[in-house]
Amino acid sequence: MFDCPIGNADLTDTKQLLSETRAYLCIECGKCSGNCPVAARAVTATPRALVSRLVTGGLEAAAADYLFKACLACGQCMERCPSNVDFVGFIAGLRRLAPQKAVSSCPHAGVFQTAMRLMARLERPTGRVDWLRGLEKRAREDGKGPELRFELVEGAHGKHVPVQKTGSHPGEQRILYFVGCLPYFDAALAGSSGVDMAGIAVATIRVLNAMGVVPLVLADERCCGHDLLWAGDIEAFDTLACRNLEQLERAGANTVVTACAECARTLRLDYPVRVKVHASSTDRGERQDDGQSIGRRLAALAGSKSAAEFVHVTEFLTRAVDGLNAPGKQRASGPAGSSARRTRVAFHDPCRLGRHLGVYDAPRTVLSSLASIGVVEMARERDKAVCCGVSSWLYCDGVSKQMQTDRLREAASAGASVLATACPKCKAHLACALAELKSVAGGGTDSRTRGELPEIRDIIELAADELATR
Amino acid sequence: MKGMAVTARFEPRVVVFACNWCSYAGADNAGVNRIQYPPNSRLVRVMCSGRVHPAFVLRAFELGADGVLVSGCHIGDCHYLFGNESALKQFETTKSFARLLGIGEERVRLEWVSAAEGERFARIVEEFTETIRKAGPLAGSTAT
Ligand code: SF4
Ligand code: SF4
Ligand code: FES
């Protein structure tokens, strides 16, 4: 796990960036470049060269580098660095300092990042509740289980949202499901590419319900800010963090569960850092602004009593396997236990869950507890897993597509018929490449692209499917 | 304007995307025929309504628009044959985003305007401007 200090201080200049990320200690060995999946395919851009470009040419030159926009912050380079350079912190800080921002230029034309900035800025009641109601309807119709149960927590514009008091929480826990940007991904992807995003939310609520948890859900939840943070927009990030943290505080949630690897990283590592930064600059009396500024509001959260714990749903499930009626208890006795009938599933570690948070075992524990599934490992797994090829909807090109294609083939050659992941974006990106490969394979003759490519699912969808067969 | 009492009246900022081959010419036709319509709109010419990705519409809102109108050739008339059909599809996504963000569906509109329909263009813009005026400023208070 690396707790990179991307928001650690009020980053002011290049020198500070170089020293805080230890980039000054780079011995130019080039090991990072050898391990970087982007550099491997776009040989002129390497992490090592980006550092030296900044040192010799300044911010302008560094921001013109291909890796400035194409770096995935996946952290593979850091696995090898003998000088322990925090390259991921470096790229995030560089994007923060650069005069020209890293503009989202993937084929989605920046729609998500624009929506995220609008989520930070607009003070209007959102349409999230309707989307959540849509999930209930969908679950009612798909016949895969009982009605979805969750408890809406009013936002600042609560008049639109009657709070139902149906919550039943084991013990003293108030468990909240942080949905993330799934509604937006759903809106953009369901029509054009047919990638099912809403299904992840349905499955998450279903599995939580099966464990006896009726999760709280924020009616006015905002994007966690991950993408804007990694694009260098720290102001918008702070606003989003503040709006979410205040709502979580009001909801009195003490365990926040998410099915998104990026939300998990952001909530667990980056929110506390920003609260601390603002609290200490308020303490030092450095603040000139009024009491309503985002900085002050964040600082005020430092003393928060609820101090929620942020977990990925696979961690939550793993912890509960013993105590609750979680999937997996019937494994040994279940008729589906015969290995011949099990679906072979490979797990794709999302960078934010794996290298960023160090969570490698939880998803594997969940998978192997599903009776209908046999886990296979790919050649590059755990800390060696390769990124899904796109980060923060920032940039996507042939290099990304190659990375995705290679990953799909890797899963196929491991014998997997399903490639499972634990991050909605990994699912979207891998599914996009899969659709493309299949359309080529339709008329093509390349045996590697015919027939045997795996289906892409989220791990929580697999768990929910298994519940449906019980 | 020193000394004058200025009553801040909300003037909506409307962005109109118009395709080069029909709607832009339609707007031109309105001008040539001296048909009056509210001056609140900023016209952005695009080659085809199919080019107007939902991201463009959101970006307009981010940059301060209170309402966004997308216009193209009538179905069957698109210079690129089916560009406007793709515009129609994309516009569904645009509406979903507008709903989700709380911008509201009434602030986005898709209309077909041919090169000969200057009158129609003017009426649509007029009516849309009034809709947005009623809806009020999207964010904060805008008096200009
Ligand atoms: S974080 Fe990943 S993409 Fe960026 S330089 Fe390191 S290995 Fe390459
Ligand atoms: S691996 Fe570390 S020390 Fe070696 S070139 Fe890369 S950043 Fe420098
Ligand atoms: S050219 Fe007018 S809509 Fe395509």
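Tutor: Let's take helix α2 of chain B, where Pro54(B), Ala55(B), Val57(B), Leu58(B), Ala60(B), Phe61(B) and Glu62(B) are buried. Buried means under 20% relative accessible area, exposed means over 50%, and partly exposed is in between, using a 1.4 Å probe and protein chains only. Helices are DSSP runs of H or I with at least four residues, strands are runs of E with at least two, and both are numbered from the N terminus.

This is a predicted model, so to speak of local features we need pLDDT of at least 70, while side-chain atom pairs count only at pLDDT 80 or more and totals for chains, interfaces and linings use all residues. Residues are numbered from 1 along each chain as its sequence is written, chains are lettered from A and ligands numbered from 1 in the order written, and side-chain values use heavy atoms, without hydrogens or water.

Back to our helix: α2(B) runs over residues 54–62, and seven of its nine residues are buried, so it is largely enclosed by the rest of the structure. Just after α2(B) comes Gly64(B), with a positive phi of about 115°.

Elsewhere in chain B, Arg34(B) also has a positive phi, near 55°, though it isn't a glycine. Arg34(B) sits in the loop between α1 (23–32) and β2 (41–46) of chain B, and it is exposed, at 73% relative accessible area.

Now hop over to chain A, which has 18 helices and nine strands; of its 470 residues, 60% count as buried. Its helix α15 (residues 361–368) has Ala362(A), Pro363(A), Arg364(A), Val366(A) and Leu367(A) buried. Among the elements covering them are α14 (313–320), β6 (343–347), β7 (373–376) and α18 (459–469) of chain A.

Chain A also surrounds ligand 2, with Cys26(A), Cys29(A), Cys32(A), Arg48(A), Cys81(A) and Ser83(A) among the residues there; near means a heavy atom within 4 Å. The shell splits into seven nonpolar, two polar and three charged residues. Nonpolar covers Ala, Val, Leu, Ile, Met, Phe, Trp, Tyr, Cys and Pro, charged covers Asp, Glu, Lys and Arg, and the others, Gly among them, are polar.

The space that ligand 2 takes is the largest cavity, with a volume of about 160 Å³. A cavity is a set of points on a 1 Å grid over the protein atoms alone where a 1.4 Å probe fits but cannot get out, and lining residues have an atom within 4 Å of a point. A molecule sits in a cavity if more than half of its atoms lie within 2 Å of its grid points. Points join across faces, edges and corners, and the volume is the space filled by probe spheres set on them. Of the 17 lining residues, Cys26(A), Cys32(A), Arg48(A), Cys81(A) and Val85(A) lie nearest the centre of the largest cavity. Helix α3 (residues 47–63) of chain A gives the most to that lining, with three residues.

Notes. On a 1 Å grid over the protein atoms alone, a cavity is a set of points where a 1.4 Å probe fits but cannot get out, and a pocket is an open set with protein on both sides within 12 Å along at least five of seven lines; lining residues have an atom within 4 Å of a point. Contact means heavy atoms within 4.5 Å.
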